[in-house]
Amino acid sequence: MELEGRLCRFLFLYLLAAQRSGAEVTQDNTVAASDTSYFFYQDQPYPRDCKDIQYQCSTKNTTGAQVIQPDGYDAPFWVFCSGDWTVIQRRSDSLIDFSRGWDDYRDGFGFINANHWLGNKKLAHLTNQKTYELRIDIGTESGLTGFISYGSFRIIDEFSDYSLVSVGRSNDTLESAVTWCPANTIPGSCNRCIATCADPSGIVDCSNDCGDIQQTCICPPNYLMNGTNCIRQEDCGCYKEGQGVIADGVSYMAADCSERCSCSSGVLTCVSQSCAQDATCKEVNGVRDCICNEGFEGDGLICPSIRINRDCYDIMRYVSTESGEYSITPSGGTDGSFNVHCNMTIDGGGWTVIQRRVLISSRQDFNQDWDTYKSGFGSYSRGFWIGNEQIHHLTNQGDYELRIDMVNQDHSAYYAKYDLFRINAESDKYKMSGLGSFTGTAGYNALSYHHNEYFSTPDRDYDDYSSYHIADNYDSGWWYGYYYYYYYCDLNWMYNDDDVGYWYNPSGSNYLIYTEMKIRPRQTN
């Protein structure tokens with residue numbers, strides 16, 4: 001068989017090596033012995049060949065320029081290791097002139113990472129340490145690649161003119177000795193795990209059995225096996241620019257989380273989407289995807305909560321610090337979860353709003369019966385009452401503090417704050433059983449006159465004034481006591497043209513145009 005072009009493109013010796021850390025290269029391509037403690041398990045400071053390197057190197061990735069020192073050689077020197085082979089010659093173009101004299105071939109020339117001749121003196125020491133095999137990789141100008149393997153290879157010293165004294169041919173003729181690789185393949189070491197378009201990582205398809213075959217034809221870098229042929233990875237059906245080939249059955253989330261791509265039977269499908277509000281796009285085990293946040297579970301696109309958020313303080317700690325509507329589940333409640341409005345800005349945030357009134361034309365009517373006050377009514381924008389049943393369950397799952405923000409007719413804003421607030425169950429008429437110490441800027445502790453009073457509505461008279469139904473007279477539901485006490489505090493009384501509630505304030509107007517009651521777990525500092 002006639003070979004086209006230059007035949008000898010690469011030459012490898014079967015040696016193993018590992019790179020020296022911090023080695024200094026001298027002018028003759030040797031290395032000054034600066035640190036000999038890198039290889040822990042051998043007596044000599046440097047490995048003898050590339051096989052020693054791969055045996056001792058923890059990463060096993062030894063391809064590249066490495067440092068070795070064969071037995072008897074006077075100084076360490078650089079070689080190029082290709083896995084477990086030591087490259088002693090490479091010639092792929094005419095940039096390095098190989099028409100040289102005796103001294104150059106003795107000492108070596110060229111560049112270790114490119115075209116070079118390692119040097120006969122180094123070869124003699126290398127090949128006389130033990131039995132080495134020789135492999136020649138060949139490339140022709142027409143694009144064919146092939147290799148020849150020899151069972152042994154040894155040359156002797158300069159005194160005998162570096163004579164080739166041992167070489168074992170695998171076949172008698174060059175034509176039968178050369179193993180030619182199909183198009184788009186190159187000679188390489190046999191690997192049981194083959195990277196394919198369906199399995200670009202080569203970790204699933206490990207059915208190939210090398211047996212006694214050490215050398216074979218493999219796909220070059222950036223090529224993958226597709227059937228019996230090597231093709232460019234860009235030509236695989238599930239190639240994604242910037243990501244490479246996506247394995248069959250695997251999904252991939254774009255770096256900006258705006259797109260999810262999946263591969264099925266060699267067909268790539270990409271759809272635009274985004275992570276759930278309670279998920280984060282991040283990389284886990286080498287795969288970028290939407291991952292549900294702590295306290296949530298799901299596929300990242302839908303992440304229902306597995307955490308029981310009892311109130312807005314839990315929402316602020318575990319879900320969001322933004323004010324708005326959220327779902328909570330107080331402990332002990334029989335009706336499950338319900339929506340509340342959370343105020344996350346005032347006084348450290350975490351407040352569950354239980355009442356709100358505003359002086360607007362479309363304001364909510366607070367003249368409601370017992371059952372409506374029990375379940376709640378209204379909306380955040382128009383005014384609302386969260387419901388006595390909800391307030392009871394909220395305030396009985398721990399110690400809660402109350403804050404009331406108000407604006408009077410003089411447009412003065414002030415607040416009252418109590419370090420404890422609690423009401424009893426319906427069986428005890430939602431009695432205000434707990435009201436703690438008063439602080440704030442409201443000027444007067446007006447709510448204290450309603451402590452330990454039952455809740456009354458226009459259809460339920462539970463006040464302390466036997467001859468007068470206060471809730472019915474003032475069209476509201478509240479914790480009324482004696483008749484004259486309502487003058488101190490009533491935040492739910494009838495709407496007038498210019499007010500929505502009442503709070504006794506000796507230093508200003510008692511009539512309010514805005515009220516908001518909110519609770520949160522009592523803070524210790």
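This talk goes through salt bridges, a helix, a charged patch and some loop residues in a predicted model.

Residues are numbered from 1 along each chain as its sequence is written. In this predicted model, local features need pLDDT of at least 70, side-chain atom pairs count only at pLDDT 80 or more, and totals for chains, interfaces and linings use all residues, while side-chain values use heavy atoms, with hydrogens and water left out.

I will start with the salt bridges. Side chains of opposite charge can pair when their charged atoms come close. The rule here is a side-chain nitrogen of Lys or Arg within 4 Å of a carboxyl oxygen of Asp or Glu. By that rule the count is 23 salt bridges.

One of them pairs Arg-48 with Asp-52, at 3.4 Å from N to O. Asp-52 is buried, at 14% relative accessibility. Buried means under 20% relative accessible area, exposed means over 50%, and partly exposed is in between, with a 1.4 Å probe and protein chains only. Another salt bridge joins Arg-106 and Asp-107, at 3.1 Å from N to O. Asp-107 has a relative accessible area of 39%, so it is partly exposed.

Next is the pair Asp-347 and Arg-403, a salt bridge whose closest N and O atoms are 3.5 Å apart. This pair links distant parts of the chain, 56 residues apart: Asp-347 is in the loop between strand S25 (338-343) and strand S26 (351-358), and Arg-403 is in strand S29. Helices (H or I, at least four residues) and strands (E, at least two) are DSSP runs, numbered from the N terminus. Asp-347 is partly exposed at 32%, and Arg-403 is buried at 10%. Salt bridges that share partners put both into one network with Arg-356, Glu-401, Asp-405, Lys-417, Glu-516, Lys-518 and Arg-520.

Glu-401, from that network, is in strand S29 (residues 400-408). Which side chain does the side chain of Glu-401 make a polar contact with? That of Arg-520, at 2.6 Å. A polar contact is a pair of N or O atoms within 3.5 Å; within protein, one must be able to donate a hydrogen and the other to accept it, and residues adjacent in sequence count only if both atoms are side-chain atoms. Glu-401 is buried, with a relative accessible area of 5%.

Now helix H7, residues 388-395. Eight of its eight residues are buried. Among them are Glu-389, His-392 and His-393.

Asp-459 sits in the loop between strand S33 (438-440) and helix H8 (470-473), and is partly exposed at 43%.

Last, backbone angles. Most residues other than glycine have a negative phi, and most peptide bonds are trans. Asp-161 has a positive phi, near 60°, and lies in the loop between strand S10 (145-155) and strand S11 (164-169). Tyr-430 also has a positive phi, near 50°, and is in the loop between strand S31 (421-423) and strand S32 (432-435). Are these two buried or exposed? Asp-161 is exposed at 51%, whereas Tyr-430 is buried at 0%.
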